[in-house]
Amino acid sequence: MRAAMTKRHVLALAPLLALLPAGCSSGPPRVVEARPSQEPAARGSALLRDAMLTGHNRARAIVGVPPLAWDDTLAAHARAYAEEMARTGRFQHAEQPQGPGREGENLFTGTRGAYSYAEMVQLWVDEQKSFVNEVTPNFSRTGNWRDVGHYTQIVWRTSRAVGCALAGGPRDDYLVCRYSPPGNVVGQRAF
């Protein structure tokens with residue numbers, strides 16, 4: 001019998017945090033799933049970059065928006081925040097100032113070593129099944145923008161660059177992708 005590993009992932013987007021009621025910071029429950037292999041997922045900065053660009057740009061090509069370019073500055077910002085979450089174990093969006101300099105942000109957390117980079121980005125892309133191309137935040141078939149917010153950031157038509165990083169804590173991996181310009185702008189459509 002294969003051992004079950006726990007995982008968790010959360011949909012959350014910094015630009016839409018203002019829509020949440022004050023004090024709403026509880027994370028999602030952990031989910032138990034069977035793993036196809038007990039081997040840890042392959043890691044490395046080149047693998048991360050390739051998997052993230054491939055996953056993001058495949059989704060963007062399907063909807064006809066230009067590909068994202070990798071940005072080392074965004075990746076450095078993502079690394080700093082991923083390391084902070086891994087150190088503190090606190091999984092939530094980074095506090096960022098409104099206005100110029102703000103970056104879009106997608107977050108993922110899951111059992112350390114259990115997920116490949118391709119699986120992580122695919123979980124975000126899979127949110128497409130609940131997406132309707134209406135204005136933000138009314139872009140989800142479920143009526144909850146959180147159900148599609150990672151996907152919409154990935155395919156946001158005006159975003160041009162992405163940078164991602166992964167850091168491991170004692171139990172979990174923390175993936176952060178940062179985007180410029182940020183997506184999920186209230187009152188606008190993804191594409």
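His93 is buried, with a relative accessible area of 6%, where buried means under 20% relative accessible area, exposed over 50% and partly exposed in between, computed with a 1.4 Å probe on protein chains only. You will find His93 in the loop between helix 2 (72-88) and strand 4 (104-111). Helices here are DSSP runs of H or I with at least four residues, strands are runs of E with at least two, and both are numbered from the N terminus. The side chain of His93 has a partner: a polar contact of 2.4 Å joins it to the side chain of Glu105. A polar contact is a pair of N or O atoms within 3.5 Å; within protein, one must be able to donate a hydrogen and the other to accept it, and residues adjacent in sequence count only if both atoms are side-chain atoms.

Please keep in mind that this is a predicted model, in which local features need pLDDT of at least 70 and side-chain atom pairs count only at pLDDT 80 or more, while totals for chains, interfaces and linings use all residues. Residues are numbered from 1 along each chain as its sequence is written, and side-chain values use heavy atoms, with hydrogens and water left out.

Now let us step back to the whole chain. The protein chain has four helices and six strands, and from the N terminus on they run β-β-α-β-α-β-α-α-β-β. Of its 191 residues, 46% are buried. Contact means heavy atoms within 4.5 Å; among contacts between residues at least 6 apart in sequence, 75% join residues at least 24 apart.

The axes of helix 1 (residues 45-63) and helix 3 (residues 117-125) come within 9 Å and cross at roughly 25 degrees. These axes are lines fitted to C-alpha atoms, for helices over the stretch in contact, and angles run from 0 to 180 degrees between N-to-C directions. Helix 1 and helix 3 are therefore roughly parallel to each other; angles under 35 degrees count as roughly parallel, over 145 as roughly antiparallel, 65 to 115 as roughly perpendicular and the rest as oblique. Which residues of the two helices meet? Helix 1 brings Leu47, Leu48, Ala51, Met52, Gly55, His56 and Ala59, and helix 3 brings Tyr117, Ala118, Val121, Trp124 and Val125. The residues of this contact divide into 10 nonpolar, two polar and no charged. For that count, Ala, Val, Leu, Ile, Met, Phe, Trp, Tyr, Cys and Pro are nonpolar, Asp, Glu, Lys and Arg are charged, and the others, Gly among them, are polar.

Ser116 sits in the loop between strand 4 and helix 3, and at 24% relative accessibility it counts as partly exposed. Setting aside neighbours within four places in sequence, Ser116 is in contact with Ala41 and Arg43. From Ser116 to Leu48 the C-alpha distance is 9.0 Å, although the two are 68 residues apart in sequence.

Follow the chain into the loop between helix 3 and helix 4, where Lys129 is placed. Lys129 is exposed, with a relative accessible area of 60%, and its C-alpha atom is separated by 8.5 Å from that of Arg141, 12 residues apart along the chain. Pro137 is found in the loop between helix 3 and helix 4 too, and a cis peptide bond with omega of about 10 degrees joins Thr136 to Pro137.

Helix 4 (residues 149-155) holds His150. Is His150 buried or exposed? At 1% relative accessibility, His150 counts as buried, and its side chain reaches the backbone oxygen of Leu107 at 3.1 Å.

The tour ends in the segment after strand 6 (172-180), where Pro181 lies. The peptide bond from Ser180 to Pro181 is cis, with omega near -20 degrees. Asn184 is placed in the segment after strand 6 as well, with a phi near 55 degrees, a positive value in a residue other than glycine. As background, most residues other than glycine have a negative phi, and most peptide bonds are trans.
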